[in-house]
Amino acid sequence: MTSEMDFPSYRNKVFQLYAAKDYDETLKFIEAHQSSFPEQAAQVTFWHICLLSLCGQADKALSVLENGLEAGLWWHENQFHDNDLDSIRELPRFKELVTRSHERWEAEGLKGGPDRTVLVPSGPGPYPLLIALHGYSGNKDSDLSYWQIACDKGWLVLLPQSQIPLYPNAYFWETPESSIQTILFHLNQVRQIYRIDVDRILVAGISQGGGLAALAGLAPELQAAGSLSLATWWESAAPFESAVQSGKSTRAYFISGLKDQSLERGREIQTVLKKHQIPVQEEAHPDLGHEFPPDFEKSFDNAINFIFS
């Protein structure tokens with residue numbers, strides 16, 4: 001890898017090494033390139049802390065955490081539940097630093113209000129609407145280059161941002177109920193500005209956003225025809241049982257990588273939907289990890305053909 005590598009390539013390489021449980025090499029790779037991505041300092045610093053903990057370097061892990069806090073970084077307390085931190089979790093200094101991080105999160109992280117990006121296709125409308133949801137630690141602009149493909153095909157693309165910050169410029173979806181309310185807020189705002197084809201509303205997302213997309217596709221108030229989920233993850237499949245029982249008729253398309261650590265959870269979710277007679281189709285990629293497929297345009301077309309057939 002060269003110094004010209006972009007952040008998605010760096011992140012994917014970190015994930016590949018980590019998934020192979022090659023923690024020493026993962027740590028070396030993180031340290032060799034972390035200064036190349038100052039805008040991603042909070043995320044990379046947290047990876048660094050986790051790998052130092054996994055590699056038995058407790059003192060250095062604590063120093064990196066303290067230095068990050070002194071540099072103005074902070075993290076949501078959920079981050080510190082990561083099992084990779086088990087080796088330092090009970091250390092008094094670690095607990096003190098976690099408290100400092102939480103205090104800063106409360107002071108800095110909750111200042112923002114609702115935010116979204118909207119990609120508008122050419123023409124007067126009415127437009128089919130794609131609601132595209134970011135993943136865990138993402139934001140409204142994380143995957144713009146992929147969702148632009150839908151806009152180029154005539155879709156109005158709404159990219160809502162969760163209001164729960166994980167660390168600076170990174171967010172996560174909390175509960176299904178609060179997350180769907182956030183989506184509804186932005187949907188109602190967009191409906192007042194643009195002409196929307198109400199028969200062609202699709203909810204899509206990647207990772208945690210993919211799990212939420214599958215849930216939101218079942219929500220009667222969104223009136224979505226279906227969902228498109230990539231590298232699907234949610235904390236458990238339990239919310240899908242109740243969502244299906246109270247939900248509307250819909251169709252769900254999943255894009256899965258056979259090298260994705262979240263594959264099992266994504267398929268567990270598919271099983272719940274199938275059990276309740278929700279039409280499901282999976283597009284599986286043998287060499288894909290927790291990421292978009294290389295030819296996402298083709299995959300998007302496949303999903304549209306399935307959902308609106």
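**Rings and charges in a predicted model**

Trainee: At 12% relative accessibility, does Phe 306 count as buried or exposed?
Mentor: The model is predicted, and the values here are computed from it. Buried means under 20% relative accessible area. Phe 306 has a relative accessibility of 12%, so Phe 306 counts as buried.

Trainee: Which residue lies over the face of Phe 306?
Mentor: A charge sits over a ring if CZ of Arg is within 6 Å of the ring centre and within 35 degrees of the ring normal. At 4.4 Å from the ring centre of Phe 306, the residue lying over its face is Arg 251.

Trainee: How many aromatic pairs does the structure hold?
Mentor: Rings of Phe, Tyr and Trp pair if their centres lie within 6.5 Å. The number of aromatic pairs in the structure is 23.

Trainee: What kind of aromatic pair do Tyr 136 and Trp 233 form?
Mentor: The angle decides it, since planes over 60 degrees apart count as edge-to-face. Tyr 136 and Trp 233 have 70° between their planes and 6.4 Å from centre to centre. Their aromatic pair is edge-to-face.

Trainee: How many residues apart in sequence are the parts that Tyr 136 and Trp 233 tie together?
Mentor: Tyr 136 is in the loop between strand 2 (127-133) and helix 6 (144-152). Trp 233 is in the loop between strand 7 (226-230) and helix 9 (238-246). The pair therefore joins parts whose separation in sequence, in residues, is 97.

Trainee: What does Trp 233 count as at 29% relative accessibility?
Mentor: Buried means under 20%, exposed over 50%, and partly exposed lies in between. Tyr 136, at 29% relative accessibility, counts as partly exposed. Trp 233, at 29% relative accessibility, counts as partly exposed.

Trainee: What kind of aromatic pair do Tyr 253 and Phe 306 form?
Mentor: Planes under 30 degrees apart count as stacked, over 60 as edge-to-face, and the rest as tilted. Tyr 253 and Phe 306 lie 6.0 Å apart, centre to centre, with 50° between the planes. Their aromatic pair is tilted.

Trainee: Which helix holds Phe 306?
Mentor: Tyr 253 lies in strand 8 (residues 251-257), and the pair ties together parts that are 53 residues apart in sequence. Tyr 253 is buried, with a relative accessible area of 2%. Phe 306 lies in helix 11.

Trainee: Which residue lies over the face of Phe 308?
Mentor: Ring pairs link Phe 308 into a cluster with Tyr 146, Trp 147, Trp 155, Phe 292, Phe 296 and Phe 300. Over the face of Phe 308, at 4.4 Å from the ring centre, lies Arg 200.

Trainee: Which strand holds Glu 282?
Mentor: The side chains of Glu 282 and Arg 267 meet in a salt bridge, at 2.9 Å from N to O. Arg 267 lies in helix 10, so the pair ties together parts that are 15 residues apart in sequence. Glu 282 lies in strand 9.

How values were computed
Residues are numbered from 1 along each chain as its sequence is written. This is a predicted model: local features need pLDDT of at least 70, side-chain atom pairs count only at pLDDT 80 or more; totals for chains, interfaces and linings use all residues. Side-chain values use heavy atoms; hydrogens and water are left out. Helices (H or I, at least four residues) and strands (E, at least two) are DSSP runs, numbered from the N terminus. Buried means under 20% relative accessible area, exposed over 50%, partly exposed in between (1.4 Å probe, protein chains only). A salt bridge is a side-chain nitrogen of Lys or Arg within 4 Å of a carboxyl oxygen of Asp or Glu.
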